Amino acid sequence: MNEPGDGTRCVHAGLPEPVPGQPFLPGPVFAAPYHLDPWQGPAGAPNGYGRPDNPTRRLLEAAIGELEGGDCRVFASGQAAITGLLLTVLRPGDTVVLPADGYYTVRAFASAALEAIGVRVLLAPTAGPYPSLDGVRLVLLETPANPGLDVVDVAALAERAHAAGALVAVDNTTATPLGQRPLDLGADLVVASGTKALTGHSDLLLGYLATRSPELLEAVTVWRNATGAIPGAFDAWLAHRSLATMDLRLGRQAANAEAVASLLAGRPDVTGLRWPGRPEDPSYAVASAQMRRMPGVLSFDLGDADRVARFVDAARLVVAATSFGGLHTTADRRAQWGDDTSPGFVRLSCGIEDTADLVADIAAALDAAGPAS
């Protein structure tokens with residue numbers, strides 16, 4: 001049998017073998033303690049206590065692991081996963097390279113917590129240039145970067161990092177495992193927020209880490225279990241249920257992003273348009289070679305904060321919200337959250353609305369918003 005397609009993999013990922021009379025996806029298991037074997041204790045069964053052990057969570061980890069191509073551990077949020085990675089791998093005296101244009105809370109955590117314990121933090125823009133990697137313990141990449149959507153050649157940078165003795169982790173939140181598989185490109189670890197396009201229904205918080213290294217997986221598992229940064233059983237079940245439609249959701253979101261990018265590219269009142277699927281985009285060459293599909297997220301500038309507010313107020317199908325990758329089209333003015341962006345910078349996450357409706361609504365809302373002040 002040929003390698004199954006994305007839709008098939010999403011629908012079947014992590015499901016148990018079919019048993020007559022049983023559901024396709026078992027319902028969530030709610031338990032803190034489990035019955036223990038009186039003689040063997042926790043060695044007698046796979047479940048002993050709810051923090052390290054939960055069958056619903058294990059099924060989700062199997063599903064995400066299949067899609068990423070490695071072994072997976074899920075966390076209570078994307079931030080829990082990425083901070084768990086950093087604190088597991090890094091020790092006082094180590095050096096880490098972080099994206100200067102990636103998710104800002106990671107940089108905030110680095111300056112507040114990592115530097116305080118003696119970790120040297122270097123920042124590099126996603127598109128480069130990168131500093132010397134000699135003596136670096138970990139290089140964290142975010143590609144496409146959030147919110148600016150620059151892209152880096154993962155394979156080339158992984159080769160350079162490994163030659164210097166560094167580990168490479170890739171934040172795969174924007175791309176999802178259907179958009180790219182960093183472990184296939186040479187990364188040692190993948191970390192992501194499953195809150196966003198992976199689960200896509202704006203109804204849960206989730207993070208995960210995946211790797212092919214048994215040693216790294218064990219270290220991360222010990223950290224996760226010791227700190228208790230686990231998702232609840234119902235969130236894990238919701239996430240697994242939502243994976244089945246990821247291929248369909250991403251297909252419509254990417255089509256909408258392409259159409260919206262085409263609209264915005266022709267408007268003189270919109271500047272700074274970025275979407276890596278456009279041939280005119282600075283990241284297009286690397287993105288088209290490295291990525292399996294483009295994201296449903298794009299960014300642009302409307303000149304000032306007031307015009308952004310007028311645009312969202314005038315729109316019927318675009319709502320103001322942070323996060324991205326959901327079913328509904330959202331606009332997020334990133335400067336209000338502390339990102340180093342201009343006041344009129346917008347990250348637009350395309351939902352799954354009909355393409356023609358969304359394009360018409362955005363065009364009308366931009367017309368109604370008028371010029372920047």
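Q: How do S10 and strand S11 pair, in the parallel or the antiparallel sense?
A: Two strands count as paired if at least two bridges are found between them. In this predicted model, S10 and S11 (residues 329-333) are joined by three bridges and run in the parallel sense. One example is Val319, whose bridge partner in S11 is Thr330.

Q: In which order do the strands of the open sheet stand?
A: The order is S8-S9-S12-S11-S10, five strands with mixed pairing. Strand S8 (271-274) and strand S10 (318-320) are at the edges; each has a single partner strand, so one side of each lacks a neighbour in the sheet. On average, neighbouring strands are turned by 25 degrees against each other, direction ignored.

Q: Which strands does helix H8 touch where it packs on the sheet?
A: Helix H8 (residues 246-265) touches S8, strand S9 (297-301) and strand S12 (345-349), and its direction makes about 15 degrees with that of S9. Helix H10 (residues 305-314) also packs on the sheet: H10 touches S10, S11 and S12, at about 130 degrees to the direction of S10.

Q: How many disulfides does a search of the whole structure find?
A: A disulfide is a covalent bond between the sulfur atoms of two cysteines. The search finds zero here. For Cys10, the nearest cysteine sulfur is that of Cys72, 14 Å away, whereas a disulfide needs the sulfurs within 2.5 Å.

Q: Is Cys10 buried or exposed?
A: Buried means under 20% relative accessible area. Cys10 has 2%, so it counts as buried. Cys72 is buried too, at 3%.

Q: Where does Thr221 lie?
A: Thr221 is in helix H6 (residues 214-227). Its side chain makes a polar contact of 2.9 Å with that of Arg73.

Conventions: Residues numbered from 1 in each chain as written. Predicted model: local features only at pLDDT ≥ 70, side-chain atom pairs only at ≥ 80, totals over all residues. Heavy atoms only, no water. Buried < 20%, exposed > 50% of the residue type's maximum accessible area, 1.4 Å probe, protein only. Helix = DSSP H or I, 4+ residues; strand = E, 2+ residues; numbered from the N terminus. Polar contact = N/O pair within 3.5 Å; in protein donor to acceptor, adjacent residues only side chain to side chain. Axes fitted to C-alpha atoms, helices over the stretch in contact; angles between N-to-C directions. Contact = heavy atoms within 4.5 Å.
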